[in-house]
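Colleague: I'm new to this one. Can you walk me through the ligand site?

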Amino acid sequence: MERIKDVISAIDLDRSNVELILSEAEIFQKQLEGKRCLHIADDRIVMTVFLEPSTRTRLSFQFAATYLGARAMDFGATEISSIQKGETFEDTIRMVDGYDPDVIVLRQGVPGNAKIAADISRAPVINAGDGANEHPTQALTDIYTIKRETGKVSGLTVGIMGDLKHGRTVSSLSYMLDKFGGNTVIYIAPEELQVRQEVVSKLSKLRYEKADSVEGVMEDIDILYVTRIQKERFSDPTEYERLKGSYVISRNFLEKFKKRPLIMHPLPRVDELTNDVDSMKEAKYFEQARNGVYVRMALLKEVMDL
Ligand code: CP
C-alpha cells in the first residue's frame, strides 16, 4: 500500500488506503469515548487555510487535530490576511509552508489550485474543497457513515440528488463508491444540474443512471444523498431562483413511501431538506457530520505518518 501524502482527489486514495482509514476511524471513535485527547501527535502542527467559508470541514479538522494531541492553527479570515493587499495564492502557500506545519488543510474556490498548492508545499496538502471540483475528505466521511449505517460499502444503490453540476461532494463520493464493487448511483437532478461528464468519464466499476424525478426511484435506493443547490456557483442569479426549489425532501414526502432510504446530506442545507425530517430514524446527516472528526483523525494520522 502506498503511503498517503497529499490528498487532492478521492481518486488518489486506493481501496486499501480507504479501508485503513475506515478501520482507524472506528478505533478512534471508540478510544475517544470518555477522553478529550489521545496524545499521539503532541509535537505536531496542523494548519487550516480556509479561503472559502466552512463550518464542518474546518472545525472537524481542528477538533481531529486537537483530539490527536496536535496543535491546530488557523490562517484566519481572508479579510485580515495579505490576500487583501494582492498577495498571490502561490505566495500565500509558500509563506504558510515556510512556517513548517506538519500538514496544510486547504479550502479555496479554484478547481485545481489544491494540486498547485501541493506542488509548491513541502508539507502534505489535504484538499478540503477546491471550488466545484472535489471534496475527498467529505467522501471518506460519507463512506464511513454508509459503512456504519448499512454494514457494507458494496452492493448499494445510492441516489445522489440536487445540484450535481456544481457539488464537489458528488464527484468525490462517486469516485469513492467506484472503488468498491457492485454499487449503483442514480443521479437525480434537472437536466441543467446533472452530473458533469468529466466526472462519470473517470468511473470504472460504478454503474450509474440519471433520473429527473425522485419519486420514481425512492423504493429502489438504499441511501438518498441530498445536496444543496450551490447558489454561490451560479453566474446567473435568475437561473438559481428558477432551479432552487427543484426538489424538497420533507417528512410529509418521505411518509408516502413504505420503504424509505437512509437520508444523508453533506450539509449545510438550505431549502432542500426540511427540519421535520431530523427526528425520523432514517435521518443520518448529523451523525455524518460528527463522523467527519474520526475520519479526519485517521487521515491526519496517516498523512503525518504517526
Ligand atoms: N460538508 C461541508 O463541506 O461543510 P462545510 O462547508 O461547512 O465545511
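Colleague: What classes of residue make up the shell around the ligand?

Modeller: Two nonpolar, five polar and two charged residues. Ala, Val, Leu, Ile, Met, Phe, Trp, Tyr, Cys and Pro count as nonpolar, Asp, Glu, Lys and Arg as charged, and the others, Gly among them, as polar. This is a predicted model: local features need pLDDT of at least 70, side-chain atom pairs need 80 or more, and totals for chains, interfaces and linings use all residues. Residues are numbered from 1 along each chain as its sequence is written, and side-chain values use heavy atoms, without hydrogens and water.

Colleague: Which residues are around the ligand?

Modeller: Ser54, Thr55, Arg56, Thr57, Arg107, His135, Gln138, Pro266 and Leu267.

Colleague: Which polar side-chain atom lies 2.6 Å from a ligand oxygen?

Modeller: One belongs to Ser54. A side-chain N or O atom of Thr57 is also 2.6 Å from a ligand oxygen. Polar contacts here are N or O pairs within 3.5 Å.

Colleague: What does the backbone of Leu267 do?

Modeller: A backbone N or O atom of Leu267 lies 3.0 Å from a ligand nitrogen.

Colleague: How much of the ligand's accessible area does the protein cover?

Modeller: 91% of the 250 Å² that the ligand has on its own. That uses the Shrake-Rupley method with a 1.4 Å probe.

Colleague: Which domains supply the shell?

Modeller: Domain 1 (10-135 + 291-303) and domain 2 (137-289) each give at least three residues. The bounds come from an automatic or database domain assignment.

Methods
A residue is near a molecule or strand if one of its heavy atoms lies within 4 Å of it. A polar contact is a pair of N or O atoms within 3.5 Å; within protein, one must be able to donate a hydrogen and the other to accept it, and residues adjacent in sequence count only if both atoms are side-chain atoms.
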